[in-house]
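Please open the structure in your viewer and keep the sequence beside it, so that each selection can be followed from one stop to the next.

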Amino acid sequence: SHINMYSIYHTDRAKTQFSIMLFTPEFKKNNTNWFLYTISTLHASKIFLLLCVCVGDGDAVENITAVLGHSVTFRCPLNHSTPVERVYIQRVINDKEEVFINGFYRGQPLPVSPEYQNRTKVNEMELSMEMRNISVSDEGLYKCLVFINNKPEISKFLLKVTAEYSVPTITKDCNKPGDGGAGKSCQLSCSAVGGYPQSTVRWTGLNQSLTNVIYNRSSADNESKTWTINQTIVHNCNQPTNISCAVGGSVSHTITICKCVVGFCSITHSKVVKCA
């Protein structure tokens, strides 16, 4: 059987009683919708409510994309003709545990954990929640529970975080025919930092059959979780070529490779070949 659990506190001014309600097929057989376990009795100075409901979830998930460091808004369904009693927005951890983020009960705000206290704000009229200063760790599945007549309507959101990579740095080191090789070649490097999710280097203007990758490395920052991407290739020249590289949605400037200029040195009275 499948059990869905939502945590709620029910209190008065003198004491707080924490309760969890479970709905299982066994209880359904006996025509019992709710089963109450009293977990503990606590003391509190404020009045608040945190509800525990067990219902079947829908499969529909709305995809939301947020930019690292910016804000995102979770919008619960707003097609209700009767007043909404309460709204809870929760995060799903490891596909089972659910953590309360923010919400309200009968027009009153609910206590918010320190992690979300200063960066989430609920709009009761729009049934939405704004989350500010988005980080990579905010990625994941969220749920909105809208209660009307004590019955919850559940919607799901899958939050993805993105961060634009820096403009890639592109460098070249080309030789001329006879510099230790059979023909002219160029060693090309491309690197970009600060992006998310992990990406790869894409080259424009190169004949892939004349190119070999000699170095390829991606690393994530321990704190921000953003990525640094590096790649070095060797390209065997067959004609002058304009090239650029891209990482994520960022593109480098264009450079020209495999171009040799023949000159004459008046001091040595010899021909000089300069390649780039």
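With which side chain does the side chain of T120 make a polar contact? Select T120 and N102 together, and you will find that their side chains make this contact at 3.0 Å. As you look, keep in mind that this is a predicted model.

**First stop: T120**

Stay with T120, which has its place in strand β9, a strand made of residues 120–123. The side chain of T120 also reaches the backbone oxygen of Y116, at 2.7 Å. T120 counts as buried because its relative accessibility is 6%, and the cut-off for that word is under 20%. To display its surroundings, leave aside the neighbours within four places in sequence and select I101, N102, V112, M129, E130, M131 and R132, with which T120 is in contact.

Next select residues 151–162, which form strand β12, together with residues 61–67, which form strand β4; the two strands pair in the parallel sense over seven bridges. To find one place in this pairing, pick A66, whose bridge partner in β12 is V161.

How many disulfides does the structure hold? There are four, and the tour visits some of them.

Begin with C174 and C186, which form a disulfide with their sulfur atoms 1.9 Å apart. This pair links distant parts of the chain, since C174 is in strand β13 (residues 169–174) and C186 is in strand β14 (residues 185–195), 12 residues apart. The link of C174 and C186 is right-handed, with 110 degrees about the S-S bond. C174 counts as buried at 18% relative accessibility, and C186 counts as buried at 0%.

Then move to C190 and C245, which a disulfide joins at 2.0 Å from S to S. C190 is in strand β14 and C245 is in strand β18 (residues 241–247), so that this pair, 55 residues apart, links distant parts of the chain. The torsion about the S-S bond of C190 and C245 is about 80 degrees, so this disulfide is right-handed. Both C190 and C245 are buried.

Finally, select C237 and C258, whose sulfur atoms are 2.0 Å apart in a disulfide. The link of C237 and C258 is left-handed, with -70 degrees about the S-S bond. C237 lies in the loop between β17 (227–236) and β18, and C258 in the loop between β20 (255–257) and β21 (260–265), so the pair ties together parts that are 21 residues apart in sequence. C258 is buried, with a relative accessible area of 6%.

**Last stop: V247**

Return to strand β18 and select V247, which lies in that strand. Is V247 buried or exposed? V247 is buried, because its relative accessible area is 0%. Not counting residues up to four places away in sequence, V247 touches Y165, P168, C190, A192, S199, T200, V201, R202 and I229, and C190 in this list is a cysteine already visited, joined by a disulfide to C245. To end, draw a distance from V247 to N230, which are 17 residues apart in sequence and 9.5 Å apart in space, C-alpha to C-alpha.

Conventions. Residues are numbered from 1 along each chain as its sequence is written. This is a predicted model: local features need pLDDT of at least 70, side-chain atom pairs count only at pLDDT 80 or more; totals for chains, interfaces and linings use all residues. Side-chain values use heavy atoms; hydrogens and water are left out. Helices (H or I, at least four residues) and strands (E, at least two) are DSSP runs, numbered from the N terminus. Buried means under 20% relative accessible area, exposed over 50%, partly exposed in between (1.4 Å probe, protein chains only). A polar contact is a pair of N or O atoms within 3.5 Å; within protein, one must be able to donate a hydrogen and the other to accept it, and residues adjacent in sequence count only if both atoms are side-chain atoms. Contact means heavy atoms within 4.5 Å. A disulfide is a pair of cysteine sulfur atoms within 2.5 Å. Two strands pair if DSSP finds at least two bridges between them.
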